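Work through the exercises below with the sequence and the structure side by side. Try each task before reading its solution.

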Amino acid sequence: MAGNEDIRIKLAKLEALFARGATAGERAAAGAALDRLQARIATEGPSEPETEVQYSMPDSWSVRIFVALCRKHGVRPYRYPRQRRTTIMVRSRTSEFERTVLAEFQTLHRELVAYFNETVDHLIADAMKSDGDDDTLELRPIGR
C-alpha cells in the first residue's frame, strides 16, 4: 500500500537534503532523520506479499462504507462476475489492511448499527406507539 512508498519518497528527499545541506546543522539533522528512516525500513523487513481476500457484508450500507474506506486508503475493491452485491474482493497486504481499513470499518460499522437501532426504536415507540419487543411473542405448539 502507500506506507512503504511514502517512506521511500521521504528517504529520497532526505538524501537530497543531506547532499546539498548548506550548514553543518542541516546536514546533521538530515543525517539523523535519514538514519531513522533507514532503520524503520530495515525493521519492517521484506514486505508481505499481497493476497486476495473476500469479504461478505451484511447489507448495502456496510458495502458502501467498506468500499469508501478501501478507496480512501489506496486499496482497489472489486467483484467478480456473478458475485453478490454484498461480496467485495480485495488484494492487499493482510496485516496492513487489517490494521488500517478493517479497524476503521469495524468502528464505523458499530456506529452505523447503533444509529440504526436507535432510529428504529424511536420510530416504533413514537410513531407506532408500540414496543416491538420480540421476547414477548406468543409461543404456539407446532402443528396446530
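**Exercise 1.** Find the salt bridge between Glu138 and Arg140 and state the N to O distance.

Solution. Step 1: recall the criterion, a side-chain nitrogen of Lys or Arg within 4 Å of a carboxyl oxygen of Asp or Glu. Step 2: the side chains of Glu138 and Arg140 meet with N and O at 3.0 Å, in a model that is predicted. Step 3: check the exposure of both partners, where buried means under 20% relative accessible area, exposed over 50%, and partly exposed in between (1.4 Å probe, protein chains only). Glu138 is exposed because its relative accessible area is 60%. Arg140, at 66%, is exposed as well.

A note on the values: residues are numbered from 1 along each chain as its sequence is written, and side-chain values use heavy atoms, with hydrogens and water left out. In this predicted model, local features need pLDDT of at least 70 and side-chain atom pairs count only at pLDDT 80 or more, while totals for chains, interfaces and linings use all residues.

**Exercise 2.** State how many helices and strands the chain has, and in what pattern they follow one another.

Solution. Step 1: take helices (H or I, at least four residues) and strands (E, at least two) as DSSP runs, numbered from the N terminus. Step 2: the count gives 4 helices and 2 strands. Step 3: along the sequence they read α-α-β-α-β-α.

**Exercise 3.** How many salt bridges does the structure hold, and which residue pairs with Arg93?

Solution. Step 1: the structure holds 3 salt bridges. Step 2: Arg93 pairs with Glu50, and their closest N and O atoms are 3.8 Å apart. This pair links distant parts of the chain, 43 residues apart: Arg93 is in the loop between β2 (87-92) and α4, and Glu50 is in the loop between α2 (24-44) and β1 (51-56). Step 3: Arg93 has a relative accessible area of 18%, so it is buried. Glu50, at 40%, is partly exposed.

**Exercise 4.** Describe the salt bridge of Glu104 and Lys72.

Solution. Step 1: the N to O distance between these side chains is 2.8 Å. Step 2: the pair ties together parts that are 32 residues apart in sequence, because Glu104 lies in helix α4 and Lys72 in helix α3 (residues 60-72). Step 3: Glu104 is partly exposed, with 25% relative accessible area, whereas Lys72 is exposed at 57%.

**Exercise 5.** Where does α4 bend, and which residues in α4 are buried?

Solution. Step 1: define the bend at a residue as the angle between axes fitted to the seven residues ending there and the seven starting there. Step 2: α4 bends by about 35° at Leu102. Step 3: the buried residues in α4 are Glu96, Phe97, Val101, Leu102, Phe105, Leu112 and Ile124. Step 4: after α4 comes Lys129, with a positive phi near 55°.

**Exercise 6.** Which residues gather in the patch of negative charge on the surface?

Solution. Step 1: patch members have over 30% relative accessible area and no salt bridge, and like charges are joined within 9 Å. Step 2: the residues are Asp131, Asp133, Asp134 and Asp135. Step 3: Asp135 sits in the segment after α4 (94-127). Its relative accessibility is 68%, so Asp135 counts as exposed.

How values were computed. Patches are made of residues with over 30% relative accessible area and no salt bridge: like charges are joined within 9 Å, nonpolar side chains (Val, Leu, Ile, Met, Phe, Trp, Tyr) within 5 Å. Accessible areas come from the Shrake-Rupley method with a 1.4 Å probe; for residues, only the protein chains shown count as cover. Lys and Arg count as positive and Asp and Glu as negative; His and the chain ends are not counted. The place of a charge is taken as NZ of Lys, CZ of Arg, CG of Asp or CD of Glu.
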